[in-house]
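Student: Hi, I have a structure open and would like to talk it through. Could you take a look with me?
Tutor: Happy to, go ahead and share it.

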Amino acid sequence: MVILGQREAVAEPPEQSPLDPPKLERIPAIMTWPATGPWQVRVVPHPEPLYHVEGDPGRLAEGIYDKMGALGAHEVVVETPQHDRRLSQFSDDEMERVLWVWASRIADLKKDARFKYISVFKNQGALAGEEWPHAHSQVTATIFVPRRIKYELGSAHEWFKDKERCIFCDMVRHEEKQGKRIVDVQGHYYALCTYASRVPYEIWMLHRRHNHTFEQPRPGSNRRQLAALLARIFRRLEKVAPAYHLVVHTAPSTMNKKGEMAGYWKTLADDYHWHIEILPILEKRSKSYSIKEVYFNAELPEQAAANLRALDPTS
């Protein structure tokens, strides 16, 4: 999937950011938390969206190629009204609010049968292509399932078909026994450096109990624990990497029965497992990103996990 005609955004100086509170107040909000009174988290339409809610996909063939309109949604989650704060500086309460808003937007956009997948992602730092310095993340809804997610779904489906177990649950149990790649734990939430990490200090965050949808926590999941763990991980990563990409991986929508998902994921609730992936960017290790889908990583995940465990997340 390639989106054509969209210019690369260049980070604007702070005084020009559309996320500055005075300018932000003039943009109609999609949602705010709390719903009344001074807001703590605010969701607004992206000022230069990749996808547009209005219109028709207009699917057509152009010779041997497939072409369609950029139908979807593109939103910005403004994570705090304070312009000079990063997620690593958030309290557990503030982090939990952001998680709640992410889940709320996924659940709401999944109600639109046109959308097959909802992505939540965050680009932190100039090296990650951060659009504005004000703390923010983004939500997109697309009429296709991203390639990376389709690959995960296919692998999880094949594993379940063969073993009748979730591959992600197996991974958590294995890492729990090994211990050497686990960075931190809070309740039933685990942060670990994945086996054969794609980039130095790559971290996945998973719940030990099975659940395929991030936006619908299981009873007793206690998202405050995830918020506390995520805040500590950000504080650790800030000591080793100037930038990172974060992506929430959740199950696709099952409302649309056409296309690539038609009749294929009958075991989706059993074989997929939501998780958060964080890919740090180390300025001197750009080779990790040099070839698409082929990664070079000089930092063993076991050593990366040990290095991160040794860092004090409270300082």
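Student: Thanks! Where is the place of Pro34?
Tutor: Pro34 is in the loop between β1 (31-33) and β2 (41-45). Keep in mind that this is a predicted model.

Student: What is the peptide bond from Trp33 to Pro34, cis or trans?
Tutor: That bond is cis, with omega near -5°. For background, most peptide bonds are trans.

Student: OK, stepping back: how many helices and strands does the protein chain have?
Tutor: The chain has seven helices and 12 strands. Of its 315 residues, 49% are buried. Among contacts with a separation of 6 or more, 72% are between residues 24 or more positions apart.

Student: And what is the mean pLDDT of the chain?
Tutor: The mean is 88, and 86% of the residues reach 70 or more.

Student: Where does pLDDT stay under 50?
Tutor: One such stretch is residues 10-14, for which the model has 10 contacts beyond four places in sequence. Another is residues 288-292, with 12 contacts of that kind. Where pLDDT is low, the predicted coordinates should not be read in detail.

Student: Good to know. Changing topic, how many aromatic pairs does a search of the whole structure find?
Tutor: The search finds five. One of them joins Phe168 and Tyr272 edge-to-face, at 5.5 Å centre to centre with 80° between the planes.

Student: Which parts does that pair tie together?
Tutor: Phe168 lies in helix α4 (residues 167-178), while Tyr272 lies in the loop between α6 (268-271) and β12 (275-281), so the pair links parts that are 104 residues apart in sequence.

Student: Are those two buried or exposed?
Tutor: Phe168 counts as buried at 6% relative accessibility, and Tyr272 is buried too, at 0%. Together with Trp204, Phe168 and Tyr272 form one aromatic cluster.

Student: Which residue lies over the face of Trp159?
Tutor: That's Lys163, at 4.7 Å from the ring centre. Elsewhere, Arg223 lies over the face of Trp274, at 5.2 Å from the ring centre.

Student: Let's do α3 next. How far apart are its end C-alpha atoms?
Tutor: They are 24 Å apart. Helix α3 (residues 147-163) has 17 residues, and at 1.5 Å a residue it should span 24 Å, so the two values agree.

Student: Which residues of α3 are buried?
Tutor: The buried ones are Ile149, Glu152, Leu153, Gly154, Ala156, His157 and Phe160.

Student: What follows α3?
Tutor: Glu164 does, and its phi is positive, near 60°. Glu164 lies in the loop between α3 and α4, and at 65% relative accessibility it counts as exposed. Most residues other than glycine have a negative phi.

Student: What about Asn222, what is its phi?
Tutor: Asn222 has a positive phi of about 60° although it is not a glycine. This residue lies in the loop between β10 and α5 (223-237). Asn222 is partly exposed, with a relative accessible area of 40%.

Student: Last one: what does the accessible surface of the chain come to?
Tutor: About 15600 Å², of which 54% belongs to carbon and sulfur atoms.

Note on methods: Residues are numbered from 1 along each chain as its sequence is written. This is a predicted model: local features need pLDDT of at least 70, side-chain atom pairs count only at pLDDT 80 or more; totals for chains, interfaces and linings use all residues. Side-chain values use heavy atoms; hydrogens and water are left out. Rings of Phe, Tyr and Trp (its six-membered ring) pair if their centres lie within 6.5 Å; planes under 30 degrees apart count as stacked, over 60 as edge-to-face and the rest as tilted. Helices (H or I, at least four residues) and strands (E, at least two) are DSSP runs, numbered from the N terminus. Buried means under 20% relative accessible area, exposed over 50%, partly exposed in between (1.4 Å probe, protein chains only). A charge sits over a ring if NZ of Lys or CZ of Arg is within 6 Å of the ring centre and within 35 degrees of the ring normal. The expected span of a helix is 1.5 Å times one less than its number of residues. Contact means heavy atoms within 4.5 Å. Accessible areas come from the Shrake-Rupley method with a 1.4 Å probe; for residues, only the protein chains shown count as cover. pLDDT is the predictor's confidence in each residue, from 0 to 100.
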